[in-house]
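Hi,

Here is the structure I said I would pass on. Have a look at it first, and then read on for what turned up.

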Amino acid sequence: MIKMKKIFALCLLGSMSLASYAKDWEKQLPYQNPKLSVEERVEDLIGRMTLEEKLYQMSAIYFGKNAEIFDATGEYSMDEVRKQFGTHGVGHLSCPTTDMSARQAVRTGNKIQRIAVEETRLGIPVIIDAEAIHGLRATGATSYPQSIALSCTWNTELMGRIADAIGQETYSRGIHQVLSPTLDLARDPRHGRLDECYGEDPYLASRMGVEFIKGVQKNRVICSPKHFLANFVGDGGRDSGNAGMSERELREIHMPPFEAAVREAHVKSLMAAYNSLDGIPCSANRWLLTDVLRKEWGFDGYVVSDWSAVNHAHGALHIAPTKAEAAALCAKAGMDVELPRLNTYVKLDEMIRQGKISEEDINENVRHILRVKFEMGLFEHPYVDEALAEKLCDAPHFRSLAREAARQSIVLLKNEKNLLPLKGARKIAVMGPNADVVQLGGYSAKGVSGVSPLQGIRNIWGNRAEITFTKGCGMTDNSKDGFEQAIKNAREADACILVMGGANWHTGGETRDRNNLDLMGVQEAFIEEIAKTGKPIVVVLVEGRPVTMTRWMDKADAIVMMFYAGEEGGNALAEVLAGEVNPSGKLSLTWPRNTGDLPMCLLHRPYGREGRIVEYDNNGKDFLPKDRYVPLYPFGYGLSYTTYTYTNLKLEKTAIKEGEDIRFTVDVTNTGRMDGDEIVQVYLTDLYCRITQSEKRLKAFRRVHIPAGETCTVSFTLPYSSLSFLNEYLKPEVEAGEFELRVAPNCMEGLTVRLTAEGK
């Protein structure tokens, strides 16, 4: 009776197999017994597996658009699945249910899992993966602001709540692994996938990435942060270019987000990148995947390839004469799983016979995979309740969270004569190629019930103003046929809102890099023509990357940056324009004046002498005499409908001894008439160091709500290690000397104070 009650209770959770729990564990094989340690179960199972079974655990099946796999109803044919699983099973399924409804996805996943658990020789469950960079990439699922937008909130608590929501929705669909988050840094906006990044700074990206991973993984869904390492920073921002940089730069800039994912968030998977480091492909780089990742950082999960990376290692990077030899190099280096389809790893038996790789090498790869499956409880909980997925699919509380995030992500770049918020306008002309479109960005779900800027403006303004709309121009074409009607609408309006920008898979996104960051097509000419009407103009940029705007920015009275803001972006934008929400987002990257300025980032080493950029000299007006760093908008920048004043920056101690924390406070006063959120940023400068250092390094930040007229005292504590640099041996060292601490609204302003460190 007691046993039956236990079985019933477990089944109510919607994630248990009644058949598996109806067994007496003591009579099962050791690897099936949850009372044993994970390591005991792994070793027992490894000892029972054939080489074929091991190789299939290191491989994935991708059904794709293969017609043979679908039955007459349009669903997967389980007979075809059985053929591909055989008696050996398979380790992973690549995005099999992305385009299915919530209930169909769970039903399909459970059917496939039942074949893996009950019809293969050893009954090893399969891991089903999906994308989830800013919400699960599944039909109708909640779409939150894209990563670059979320980073502009500078709100790690909000990031944690969003990640928890993503984890819940993902688990409800029977997905066990998300190929997210993207921890590459947005160091060059010419790169097409910049919208997937948490900005240019390693500290900010680390904080956002850790919260994402923790939030998702607490829902029994594992994360695979990508792309390890430095995939987006090739020359010219070109996709997957060789990163020919020093180990120092890798460790100082590109590794910290991944190291934090391993050490702090205890991530259970990681995706190797397509690119090479100093000529060695990341997917076959033993120093990267084993020496650093496992031996140095203590990673105990498994590494997956980027899509078809083994093929690319052979066909594009030419590291071996055959795909099988390239596969052996990747597996030996520490890349445990080949995604997305059965390809070369299942044929590694021939490489074993040739001595190119050993079965013990294979065993080590498989151990990494099985350990995670046991830790997840996948053997005990292989199935999911169908009803849960429908209940959580774009649930109202998730949609509300998406709107909250969109509000905080919007950045006000310019607001001449306080045009915004728009008050008293009786007739508003909305126009532009992105006005009546929902732009979600890369790796977004289909069937999302999104709100466009035009819809949002109509929703928020209601009967308060007459809203007219004409597109005016396209995004990339050169037609000016729509100019005339748009100009007519503008002349009849009290204010004009021009929603311009780009679109994923069109002006940006995967494999779509750029060599010029100007608005494409005739968008810039369109802005100039509307400006000639003399009416107040708000330009809203809906984009995944910064755009250069020197041609037209002086003609716009206000400029609003809305990085792809998710399904509720249109409503959030309208709330900001109407003044129902005070904009609080701040840039998580440096905004260039011209494409030729790139790369341009906060973290950069000083130049060895002064130099002039001729275009900016202009009799010294624009020239910064000690640096070439001349951004249009600096890192951390963003305006508000109120103003803030920083005063009373106080250090607890100005002389810091080894091991002591750095404690300080600052008063921030809201000197305007509107409540608001301010993002208080902390930067540190090592004034003299024998190894050249970046002028400013972001070390802390805090988002604080301050009512109008009130003062908030903000406290910070930095560890002694924040004063360190990497010495000649690439080891952290604190050198005795003087430092400057800056507390600021962005990296170029604020209060500073000096402190000294004792050093070692």
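**Overall fold**

The chain's secondary structure comes to 23 helices and 25 strands. Bear in mind that this is a predicted model. With a radius of gyration of 27 Å, close to the 27 Å that the globule rule gives for 760 residues, the chain is as compact as a globular protein of that length. Along the principal axes, its C-alpha atoms fill a box of roughly 80 × 65 × 60 Å. Buried residues account for 63% of the 760 in the chain.

**Aromatic pairs**

I then went looking for rings. Searching the whole structure gives 13 aromatic pairs. One of them joins phenylalanine 63 and tyrosine 76: the ring centres are 4.6 Å apart and the planes sit at 50 degrees, so the pair is tilted, since edge-to-face needs over 60 degrees. Both phenylalanine 63 and tyrosine 76 lie in the loop between β1 (60–61) and α5 (78–85), 13 residues apart. Phenylalanine 63 counts as buried, at 4% relative accessibility, and tyrosine 76 is buried too, with a relative accessible area of 7%.

Another pair is made by phenylalanine 483 and phenylalanine 526, this one edge-to-face, at 5.2 Å centre to centre and 65 degrees between the planes. Phenylalanine 483 belongs to helix α20 (residues 483–492) and phenylalanine 526 to helix α21 (residues 523–531), so the pair ties together parts that are 43 residues apart in sequence. Phenylalanine 483 and phenylalanine 526 are both buried.

There is also a cluster to look at: Trp154, Tyr203, Phe635 and Phe701 are linked by ring pairs.

**Arginines over rings**

Arginine 114 has its charged end over the ring of tyrosine 383, 4.4 Å from the ring's centre. Arginine 702 lies over the face of phenylalanine 716, and here the distance to the ring centre is 4.6 Å.

**A pocket**

Last, the second largest pocket. It holds about 770 Å³ of space.

Cheers

Conventions
Residues numbered from 1 in each chain as written. Predicted model: local features only at pLDDT ≥ 70, side-chain atom pairs only at ≥ 80, totals over all residues. Heavy atoms only, no water. 1 Å grid on protein atoms, 1.4 Å probe; cavity = no way out; pocket = protein on both sides within 12 Å on 5 of 7 lines; lining within 4 Å. Points joined across faces, edges and corners; volume = space filled by probe spheres on them. Phe/Tyr/Trp six-rings, centres within 6.5 Å; stacked < 30°, edge-to-face > 60°. Helix = DSSP H or I, 4+ residues; strand = E, 2+ residues; numbered from the N terminus. Buried < 20%, exposed > 50% of the residue type's maximum accessible area, 1.4 Å probe, protein only. Lys NZ or Arg CZ within 6 Å of the ring centre and 35° of its normal. Rg over C-alpha atoms; globule rule 2.2 N^0.38 Å.
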